[in-house]
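Thanks, everyone. Please look at the sequence and the structure first.

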Amino acid sequence: MSTSISTSNHLIGSGLNPVHAIYETSIPAGEGWMYDLLEGQVLRIVDVEGNQAVDTLFYSTEDPADRYSAIRTVTKQQNLYLTTGSVLVAESGRELLKITADTCGRHDTIGGACSAQSNTVRYSHETLPMHNCRDTFMLMLSGRSEYSKQDLAPNVNFFMNVPVTPEGKLTFADGVSGPGRYVELTALAPVTVLISNCPQLNNPCNAYNPTPAQVIIWDAEGGEGHV
């Protein structure tokens, strides 16, 4: 079966009420966030002002070396884009999370995170000193002894629009999200979530204006989350 690049939406809202959430915070553009989800807990990532790229990595909390695999995830679902129903898979084949609600429609998992080096290639050498998602990922991982720079991997770019041309090239285009749209993921195992809320000023996906993202967590029955 060939891998689909269908752009069809799977817009499904959530019945969860933020009043009943166990955790909520705002992540300013350019900053990071790391959290351990227990199995069954639900994470909602909200695009507060619209078209903000939220770069995200996932790790098995029980085995931090077993990280999210874009290749295995794309292969499993036979689609380059993530949306409602997509199961996010680790390198071992372990199922980490499932997207159970999505009011955006699709999310990128092949465009990667911006870095000082990629900024100079995509834009200009003058962008080299600009803050980037790779720097944020590195900073957050350095705060935990079980992680190192070797644990960086191709990430999910929630709300980011990266169309693939018929020739197989990537294009970084205007966003398809909007204010208040969200994606909701249910943990299928204990999962560590790492977010870099992208500071990118050179990409049209966020109208050249990085904005905050919100995260909300609901508990599984009888469970507790911890930072």
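Start with A101, which stands opposite E184 in β10. This is a predicted model, where local features need pLDDT of at least 70, side-chain atom pairs count only at pLDDT 80 or more, and totals for chains, interfaces and linings use all residues. Residues are numbered from 1 along each chain as its sequence is written, and side-chain values use heavy atoms, with hydrogens and water left out.

Strands here are DSSP runs of E with at least two residues, helices are runs of H or I with at least four, and both are numbered from the N terminus. Two strands pair if DSSP finds at least two bridges between them. Strand β7 covers residues 95-102, and five bridges join β7 to β10, residues 181-187, in an antiparallel arrangement. β7 also runs antiparallel to β6, residues 87-89, through three bridges. There, L88 has L97 of β7 as its bridge partner. Between β6 and β7 lie five residues, making a hairpin, and G93 in the turn has a positive phi of about 100°.

Now the charges. A salt bridge here is a side-chain nitrogen of Lys or Arg within 4 Å of a carboxyl oxygen of Asp or Glu. How many salt bridges does this rule give? The count comes to six.

Back to E184: its salt bridge is with R44, and the closest N and O atoms are 2.7 Å apart. The two sit in distant parts of the chain, E184 in β10 and R44 in β3 (residues 42-47), 140 residues apart. For accessibility, buried means under 20% relative accessible area, exposed means over 50%, and partly exposed is in between, with a 1.4 Å probe and protein chains only. E184, at 3%, counts as buried, and R44 is buried at 7%.

D151 and R67 form another salt bridge, 2.9 Å from N to O. This pair also links distant parts of the chain, 84 residues apart: D151 is in the loop between α3 (133-141) and β9 (156-158), and R67 is in the loop between β4 (54-60) and α1 (70-77). D151 is buried at 7%, and R67 is buried at 17%.

Buried or partly exposed: what about E95? E95 counts as partly exposed at 35%, and K76 is partly exposed at 46%. Their closest N and O atoms are 3.1 Å apart in a salt bridge. E95 lies in β7 and K76 in helix α1, so the pair ties together parts 19 residues apart in sequence.
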